[in-house]
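Take a walk through this model, from the whole chain down to single residues. Keep the sequence at hand.

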Amino acid sequence: MDDKGTNIPHHILGPYNEGSSVNITCIATGGRPTPRVTWWQENALLDDSYEQVPDRRVQNVLRLEKLGRRHLHTEFTCQASNNNLVAPISSTVSLDMNLRPLWVRLQGENHPLSADNTYELECEAVGARPPPVMSWWKGSIPLRNTRETTSPDGNTTTSTVTFVPTMEDSGKILTCRANTPLIDESTLEDGWKLNIHHVPIVSLELGSNLNASSIREGIDVYFECNIKSNPWVYKVSWRHNGKTLFNNASMGTIVSNQSLVLQSVTRARAGLYTCVGSNQEGDGESNPVSLDVKFAPVCKPGQQKVHGVARQEAAKILCELEANPHDAVHFTWKFNNTAEIIDIPASHFTTDRARSMASYTPMTELDYGTLLCWGRNELGAQKAPCVFHIIPAGKPDGLQNCTILNQTAESLHVECTDGFDGGLPQEFIMEVYDAVTQNLVTNVTSRVPVFTVNGLESGLGFDISLYAANAKGHSDPVPLHAYTSKAAEKHTAATPAILHITPILGVLIGVVTALVLVAVIIVVVMRLRGHGDEDVKEHEDGSGNSGRRATPPGGDKASSIPLNKDTDESMDSMDEKNPDIIPQNSDTDYQDPDEKAFEKLNNAPNRIYANMTSRLQSSPNNGMYENTNNIMNIPKTNDEITYAELSPMYGTSTLRRQQSHQEPTVYAQIDVSKKLAPVTTSAPEGCHPSALPLLHHPHLTAYQQPLHVLQQRPPRPCDEPLPDQQADVETPLISRTTSTPHRESTVGHQHPMSEPGGRIPTSQGPRVTTTRF
């Protein structure tokens, strides 16, 4: 029986609260002799003090003090025995208890929480019996939205709360509590101090000593930005009408931490200002503060400046101003025609805040000029007036840059650029005509120079006329030609248009084709001619039988220079002028400047020279030659060939008359390696002295032989007079067809211009006494 004398049902005693005391009574009835009643815990004897009570009963009362967690489910056995012949009898009860929780803990770590975010926090209570009652508190305010779970053994209870912190929760205590209601003072709790992060809270205000209603252009303005932030902001930025401001002292914008200074504000600085604080949680923007800057009137941009007005036509001229304040703007109008300035009375214009409309009617030519408009408010008068030009109205200018942007099977799209409207509102017209019949197909009128025509017949050509028109007439039309593609060949705007060959286009194509063919033929002819020159040169170099010069074995290369260009029209000049022939020069073919000059003269066009005679004398001083008129010192060398270039002395008219009788030019080649024997007019009779040896080149014609070959002649008869009775040695340079006899040449080939009998005709023209070397 329990301490109340009641039988213990199911042999379970309790539950008793932790820390209380309990008496358990065991009574044995009957038996002879009287039994002994004892209490046992497992094999340990707890209490053997028993006593007899009436009705032949024996009882033993077990007293347990300060029950603890160790007594939970402890079994106590009461045993009664009176002799050794009969086995003792017993009864066992177990003790049930109510226990306090061992601990209560918030799970996780105490991290900063972001305001307005949702979190789920957990709290665990261990060791309570029965499961404890869990509760959450924010300061002194209980939290709802909790739920609990208990482990299968009933030893652990977990409570979860859904928590949405606010900025005001920062610094408060969040507490989790566990309580066993049957046990007094059994409540345990755990708590965190909240650290709530939030987006900066920013407020903006105008400087404390500024009056927002009296800010005008030219003064300094500053703003103050107040910030509340956790964590603290790492950046403060400023915005004007949504655009970020940067520190720019030269422009009068100074950003200093949590303040903004605007120096010498203008009307452009008016608008809404905000400041923005930024931390790890985000950007916090302040309330907007409007900056109202007062200023005197100015012209509003974008107004129509030119107005075309006909005579006796009333024109409405609108003048719009920007002003602050704009409610009380007083207007002044004037007219200027370069001759005078006239005030327009107030009865001729109306005013509505910052707008004024003037009515103006020009009557004569002097009424065309300029209208001027001023405004004035409480801050002052407008500095520069608004200017409107009144001009005589006329027809508009023509359209420009008209382009067909899209041609399909049934539509056309054309865009143009408009010109001057003539001072009046204009509209734009596009007329489409059939290119064959010239019938009007359709027309389009538009306020802008952009036209689209649909529903056209496919595969046709169209003539388009575009012009602008106003009340005074229309501009000159701009013609275009367009076409629509065939129905089976529809194209979009991105598809290239099919080329239609018109007569003009066909002529252009034919001309271009002809020019290309001519150029190809010229190139082919030049190439074939170049190859022919190469073949001729190879033949001459191989055989030496052509008209080109040849160098005798062991002779000087200079002796092989051709004497006449006519005989060598040939291949030398063509080879030199042919761009396909690469000159074959080597160190052994070097020519000094005199040789190059002679070569150049030889290749020049044929010219007619006078019959000239050079008188050369053997100089006694250092082997020099003396000219009759000019003395030139020419050193004698053994390997140098000196040429005499003879210039014509005929008049211009003589040369022109003789152009049709050009003859070969014969040059004198003087071999200075050998000394000339002095020859005088007193030579022995029957002979003519000659100091030059006879040299005959087998491959040169008579007029191609060097001078010393031509000079080698047989002795003339002593009774034959010397021609002209001049020099000791006479060298014929140019032969002309005359009746004057001349010495015969001993060269084996006859001169092509010689007369029958072997004599070369000469001329009686003026003599040349200057020799150029």
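Among contacts between residues at least 6 apart in sequence, 64% join residues at least 24 apart. This is a predicted model. Its secondary structure comes to five helices and 48 strands. The protein has 773 residues, and buried ones make up 38% of them. The accessible surface is about 44,300 Å². Carbon and sulfur atoms account for 52% of that surface.

Now go inside. The largest nonpolar core has 21 residues. Cys 319, Phe 331, Trp 333, Leu 371 and Phe 388 have the most contacts inside this core.

Look at Cys 319 in detail. Set aside residues up to four places away in sequence. Cys 319 then touches Phe 331, Trp 333 and Phe 388, among others. Its partners also include two further cysteines, Cys 373 and Cys 386. Gln 303, Ala 354, Arg 355 and Ser 356 are touched by Cys 319 as well.

Next, turn to Ser 81. This residue is in strand β7, which covers residues 75-81. Is Ser 81 buried or exposed? Its relative accessibility is 14%, so Ser 81 counts as buried; the cut-off for buried is under 20%. Leaving aside neighbours within four places in sequence, Ser 81 is in contact with Pro 35, Arg 36 and Pro 88.

Methods: Residues numbered from 1 in each chain as written. Predicted model: local features only at pLDDT ≥ 70, side-chain atom pairs only at ≥ 80, totals over all residues. Heavy atoms only, no water. Helix = DSSP H or I, 4+ residues; strand = E, 2+ residues; numbered from the N terminus. Buried < 20%, exposed > 50% of the residue type's maximum accessible area, 1.4 Å probe, protein only. Contact = heavy atoms within 4.5 Å. Areas by Shrake-Rupley, 256 points an atom, 1.4 Å probe, with all protein chains shown as cover. Core = buried A, V, L, I, M, F, W, Y, C linked by side-chain atoms within 4.5 Å.
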